[in-house]
Amino acid sequence: MTATRRTRTLHGQRMSYVEACPEMAGDGDPEVVVLVHGIAGSAETWTPVLESFERSGCDRLLLAPELLGHGESAGVGGDFSLGAYANGLRDLLAVLGHRRVTVVGHSLGGGVAMQFAYQFPEMCSRLVLVSSGGLGRGVSPLLRLASLPGAEWVLPVLASTGVLDLGVRGLRLAAALPSFGAEAVSLRETARHAASLTERAHLDAFVDTVRSVIGPGGQRVSGTERLYLTEGLPTMIVWGDRDPVIPVGHARRAATLVPHGRLELFAGAGHFPHCDEPDRFAALLTDFCDATAPADLSVAGIGPRVAARTS
């Protein structure tokens, strides 16, 4: 198996994605798993997981798209809301000819995944939320600061004067120190995400995206009140129990709200459990998909449940 970067043009804008297990694409209508990165991230965050599948084998087509404003996808202007990101996933899948997928979302990508399942239930086979946003108010103070007025002026100054680059170097240095062994993976991933903000298009998208979901008081967008709609949709929640960005308490509460949901906590892991233990994550994902039948939901079927909900 070889992961390959590809691009498609959607509405005149470039969307980049990484494809793994491409041999599955030739088997008629393959089972597809879509891996959605977090804010300031890219498909690279899933590299350890894709490499794990490469070592162990994979019988599903894996797609890791890069949201607009991230990675190698276009990022000039536009709508950076969860709904727009979900529409972008739908459009990419439509262009590629995939009718239903298992969607896996990390951090912001978890919010996008939930929005995708809500907007396009007929396209969602399963849902996997990894250290997901949208399940509570709590979030890192640094992300709250990025939502404040003036961030669009301050952050470019930090990037242009080298302050941001200095911070990235500091994170990478800390990751190499033995005393930070347990946090090394999270520090390296955080450094890679922060480094992407030295590019102005990524920085602008970051600020606009943060403001669409986070305010000074914490996360502003919540999907918890709609988790009852996952009835019939196999759902797994994965979290690091030492997550410093989004509290693990969000995972425990969400697991009580998801009908028949599965909760998997990674002991000692931070905000990137799929990078801390990629082999375990790949095995869990395979087991989850093998053990559950794809959902068969529709907008028509959701309507009566929405109307009947009283609280």
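Predicted model: local features only at pLDDT ≥ 70, side-chain atom pairs only at ≥ 80, totals over all residues.
A salt bridge is a side-chain nitrogen of Lys or Arg within 4 Å of a carboxyl oxygen of Asp or Glu. One of the salt bridges joins Glu66 to Arg5, with the closest N and O atoms 2.7 Å apart. The two residues belong to distant parts of the chain, being 61 residues apart. Arg5 is located in strand β1 (residues 4-10), whereas Glu66 falls in the loop between β4 (61-65) and α2 (82-96).

Helix packing was examined for α5 (residues 151-160) and α8 (residues 200-213), which pack at an angle of about 145° with their axes 10 Å apart. The crossing of α5 past α8 is right-handed. On the α5 side, the contact is formed by Ala151, Glu152, Leu155 and Pro156; α8 contributes Arg200, Leu203, Phe206, Val207 and Arg211. By residue class, the contact of α5 with α8 comprises 6 nonpolar and 3 charged residues, with no polar residue.

Helix α5 also takes part in a nonpolar feature of the surface. Trp153, Val154, Leu158 and Val163 make up a nonpolar surface patch of about 410 Å². The largest share of this patch, 3 residues, is supplied by α5, while Val163 lies in helix α6 (residues 163-176).

Definitions and conventions. Residues numbered from 1 in each chain as written. Heavy atoms only, no water. Axes fitted to C-alpha atoms, helices over the stretch in contact; angles between N-to-C directions. Helix = DSSP H or I, 4+ residues; strand = E, 2+ residues; numbered from the N terminus. Left-handed = near helix turned anticlockwise from the far one by under 90°. Contact = heavy atoms within 4.5 Å. Nonpolar A, V, L, I, M, F, W, Y, C, P; charged D, E, K, R; others polar. Patch = residues over 30% accessible without salt bridge, like charges linked within 9 Å, V, L, I, M, F, W, Y side chains within 5 Å. Areas by Shrake-Rupley, 256 points an atom, 1.4 Å probe, with all protein chains shown as cover.
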